[in-house]
Amino acid sequence: AIKLNPYLYNYRLGLAKLYLNQARAEALKPIGPENNLKIQANITRAIATAKQALVMAPNSVLAKETLGVIYRDIGPLTLGSEAWAVKYFADALTLEPTNPVLATELAKAYLNNNDPVEAEKYFRRALGLKSDYYEAKFGLAKAYLKGKRDNQALTLLNELAREVYDTEVFYELGRFYYNHGEIEKALERFKLVLSISSKHANSLYSLAVAYEAKGNPGEALKYYRQVLELNQGNTEVIKKIKELNK
């Protein structure tokens, strides 16, 4: 399509997203030298192709947003991408300042870049544009947590839990209670997540850790084994199972 229509930047953005998806797919496979080369090659292609589109359409919100998404999503696969995600989402928001989605994505990028102050600023901006925007509310709770404003985080998480029946809200509540030593409340929230999504790996692992902290190795072992079924070969979980089997 690009060969037939070399001046349509949208096609390049589509190709950039395809390269990004190929990098993600490779990242799900067992990591090895060949696999790493494919991941990095697809990341390089994704960025280069999206930047070509941006050169062709320098005032395109979509081009800037796509680059923001690419840099956001390659965060776990490479180093230093968070600052670039901030840049491109900020550029997109400058062109479309009343878009709550872009404000939220910029806030998330700041949060990934360990800047909860700027993250809070843009989550609030998103909520000013759309007061019932769930993603912005949940993100604001996470910004509070990262900024050590625990009371505000708990209030907002409980408010969200009343409004939506969402696994990630209950999981964050579980983590909050565990980190504050309220193990029973943490167990309740993690089990609530599993009642909605029985293969929620983070909750299974958190249940195992919580039962271990509670001094119940039998229950901890049960949940570690379930985690291992979902993440075969996980060395940390295998080590935990061996320790509890002694």
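Predicted model: local features only at pLDDT ≥ 70, side-chain atom pairs only at ≥ 80, totals over all residues.
## Helix 7 and its surroundings

Let's start with helix 7, which runs over residues 134–146. Its 13 residues reach 18 Å from the first C-alpha to the last, close to the 18 Å expected at 1.5 Å a residue.

Which residues of helix 7 are buried? They are Ala136, Lys137, Phe138, Gly139, Leu140, Ala141, Ala143 and Tyr144. The cover over these buried residues includes helix 5 (100–112), helix 6 (116–129), helix 8 (150–163) and helix 9 (167–179).

Just after helix 7 comes lysine 148, with a positive phi of about 65°. Lysine 148 sits in the loop between helix 7 and helix 8. Is lysine 148 buried or exposed? Its relative accessibility is 71%, so lysine 148 counts as exposed, the cut-off being over 50%.

Asparagine 114 also deserves a look: its phi is positive, about 60°, although the residue is not a glycine. You will find asparagine 114 in the loop between helix 5 and helix 6. Asparagine 114 counts as exposed because its relative accessibility is 59%.

## The largest pocket

The largest pocket holds about 440 Å³ of space. Of the 19 residues that line this pocket, the closest to its centre are Leu111, Lys142, Leu145, Glu172 and Arg175. Helix 5, helix 7 and helix 9 are the elements that give two or more residues to the lining.

Which element gives the largest share of this lining? That is helix 7, with seven residues. Sorted by class, the lining of the largest pocket has nine charged, six nonpolar and four polar residues.

## The second largest pocket

The second largest pocket has a volume of about 220 Å³. Its lining is made up of Ala27, Leu28, Leu230, Asn231, Gln232, Gly233 and Asn234. By class, these residues divide into four polar and three nonpolar, with no charged residue.

## Salt bridges

Side chains of opposite charge can pair when their charged atoms come close. How many salt bridges are counted in this model? The count comes to 19 salt bridges.

One of them joins glutamate 105 and lysine 108, with 3.5 Å from N to O. Both residues lie in helix 5, three residues apart, about one turn of the helix. An α-helix has 3.6 residues a turn, so residues three or four places apart point the same way. Glutamate 105 counts as buried because its relative accessibility is 11%, while lysine 108, at 25%, is partly exposed. Salt bridges that share partners join Glu105 and Lys108 with Arg24, Arg72, Asp73 and Glu135 into one network.

## Two further pairs

Aspartate 132 forms a salt bridge with lysine 130, and their closest N and O atoms are 3.2 Å apart. Aspartate 132 is exposed, at 56% relative accessibility, whereas lysine 130 is partly exposed, at 35%.

Arginine 189 pairs with glutamate 188 in another salt bridge, the closest N and O atoms being 3.2 Å apart. Here arginine 189 is buried, since its relative accessible area of 18% falls under the 20% cut-off. Glutamate 188, at 49% relative accessibility, counts as partly exposed.

Key
Residues numbered from 1 in each chain as written. Heavy atoms only, no water. Helix = DSSP H or I, 4+ residues; strand = E, 2+ residues; numbered from the N terminus. Expected span 1.5 Å × (residues − 1). Buried < 20%, exposed > 50% of the residue type's maximum accessible area, 1.4 Å probe, protein only. Contact = heavy atoms within 4.5 Å. 1 Å grid on protein atoms, 1.4 Å probe; cavity = no way out; pocket = protein on both sides within 12 Å on 5 of 7 lines; lining within 4 Å. Points joined across faces, edges and corners; volume = space filled by probe spheres on them. Nonpolar A, V, L, I, M, F, W, Y, C, P; charged D, E, K, R; others polar. Salt bridge = Lys/Arg side-chain N within 4 Å of Asp/Glu carboxyl O.
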